[in-house]
Amino acid sequence: TTAARAEGAGFAFKPIDIATDHAIHVPEGYAHKVLVRWGDALWSEADGAYDPETGVSVEMSDKVFGENTDGMELFEVDGKQLIAVNSEYVNPKINLPAASEGVPQTADEVRLLKNLQGVTVMEIAEGENGFEVVKDSPYNRRITHETVMELQGPLAGHALVQTNADPEGRTVKGTMNNCGSGKTLWDTYLTCEENFNGYFGATGEMPEGEGYKRYGIGGEGRYAYEKFDTRYDISAEPNEPHRHGFVTEIDPANPGSTPIKRTALGRFKHENAEMVQASDGRIVVYMGDDERGEYLYRFVSNGVWEEGTNGGDLLNDGTLYVAKFSDDQTGEWLPLTPATTGMELAEILAFTRMAASAVGGTTMDRPEWVAANPTKVEAYVALTNNKNRGVKPNAGGDDTSVNAVNPRETNKFGQIARWTPNGGNHAADGFAWDLYVMAGNPTIYDNAYAGSDNVNAGNMFNSPDGMAFSSDGMLWIQTDGDYKNEGDFVGMGNNQMLVGNTDTGEIARFMTVPNGAEVTGLCWSADRKVAFVGVQHPGGQWPDNAGKPRSSIVAVWREDGAVIG
Ligand code: FEO
Ligand code: CA
Ligand code: CA
Ligand code: CA
């Protein structure tokens, strides 16, 4: 029995109330501490690198834990525990001198911002003070917007990905806007490039192409990279944006290894990558494209994975599918191939959204994380919210009228959909689906905006986003929503982490995070006695009560030492 599931009852913890303060709250009998904050040293040379007034210097910026922690996974390597974790984006106003007003003024300021994002690999160990980062571990590694990586799969080498710096189209710098994560069956890390479009800008004329518009590429970059680095200037390097927006594989056990961008898994605003092995032995990866009215995808490998082998090559050879959810609660995965889309394979992988539109997938309410139940053949997707549902089409002009799986106009609360593959096979083309929960506010609505029956005044939340299953088949749900606790959201308080019993539908609040923050990223220690939880973009001065707010990973455990995951 774990902390989540108690004998004969819904949950082994007493659900907690909402909070509106700048603190963390966990149930009675649980404790928490900060494991690592943005700016904390990964190597002793960076001890004291973080200054409460000025942040981190450019020289130390790739030797510290990055900002805005997101997806993460734990790995056991040679008896050691490593966490690989994303730093999704950076707050320029927090990191740059006040005079710059959040806009970099020099190449060094751009370098600082590039270095504080990307991925961190760090060893952690449990000592007298609980878990801490092992400084100077040979496994510690920072992967930034400048790290060299390899492009693999059918799009590698194609004219669409060739640039002046890389005429072969096979060597790329950087992984950007690393949002959710995944773990392969062969123990490597998958980092997912989400809002990569915003890093590119045009200082001159924009190139022609439907793809730029569909992916929201153009105008000014969010961090002015293009003014100091031509690689990010679309008018000079029109193909550079085609080299981002992928799932990238990193081997945490080999700090010198080159990360690999897996183009066969498609290019879109990747949220996370949930890998399972189908009953027929093939590898399946479920992936959401987090944009209003975009799609849910699945990759199925051609080859079969053998336990104990590195399956990386399987991720270069397979078929991508888009989900179609029918209103009768059945669905099918529509293959994206030259025959079904009229596009070349390389185009399908570079402009996956256009391929999905061509075959008629179901436009979704912003697919965030997908999680597969380890105890049953079923999977869940968080559809976080969608103010455009029933109001306007997506950027490709696809219809976004309400449908059974996205049933509410101007959906402000979100829902979690669940599907069961036909024949117990994740590689099957058909599935049955239902809504596990529709978030809502039953204290002010008595219509669909009240939410489903498993939502009540005691467990209300909005905007489900991160999700992960514990080994006992309990679904942990993290929110990234409205935290003002007023209007439609009154009674929901700060963002939170809840636990869902997928048999009974019951949902209970386990944790709340400081006002302003979202909860994102969840993994467990090897003995499953400690949960590591990501706190992104906190407000106030959390957790130091001085200086700047610092995105952090928090460790949570049961005071009696029992397993919680
Ligand atoms: Fe980075 Fe869709 O969350
Ligand atoms: Ca997210
Ligand atoms: Ca979100
Ligand atoms: Ca976020």
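I began with burial: a residue is buried if 20 or more other C-beta atoms lie within 10 Å of its own, exposed if 12 or fewer, and partly exposed in between, with C-beta atoms placed from the backbone. I took strands (E, at least two residues) as DSSP runs, numbered from the N terminus.

This is a predicted model, in which local features need pLDDT of at least 70, side-chain atom pairs count only at pLDDT 80 or more, and totals for chains, interfaces and linings use all residues. Residues are numbered from 1 along each chain as its sequence is written, and chains are lettered from A and ligands numbered from 1 in the order in which they are written.

I checked confidence next. pLDDT is the predictor's confidence in each residue, from 0 to 100; the protein has a mean of 97, and 98% of its residues reach 70 or more.

I then traced the sheet, counting two strands as paired if DSSP finds at least two bridges between them. The sheet is open, with 6 strands in the order 8-7-12-11-10-9 and mixed pairing. Strand 8 (171–173) and strand 9 (178–183) are its edge strands, each pairing on one side only.

Which residues of strand 10 are buried on each side? I found Tyr-189, Thr-191 and Glu-193 on one side, with Leu-190 and Cys-192 on the other. Strand 10 (residues 189–193) is largely enclosed by the rest of the structure because 5 of its 5 residues are buried.

I looked at its neighbours last. Strand 10 pairs with strand 9 in the antiparallel sense over 4 bridges, and Ser-181 stands opposite Thr-191. Strand 10 also pairs with strand 11 (residues 247–250) in the antiparallel sense over 4 bridges, where Ile-250 is the bridge partner of Tyr-189.
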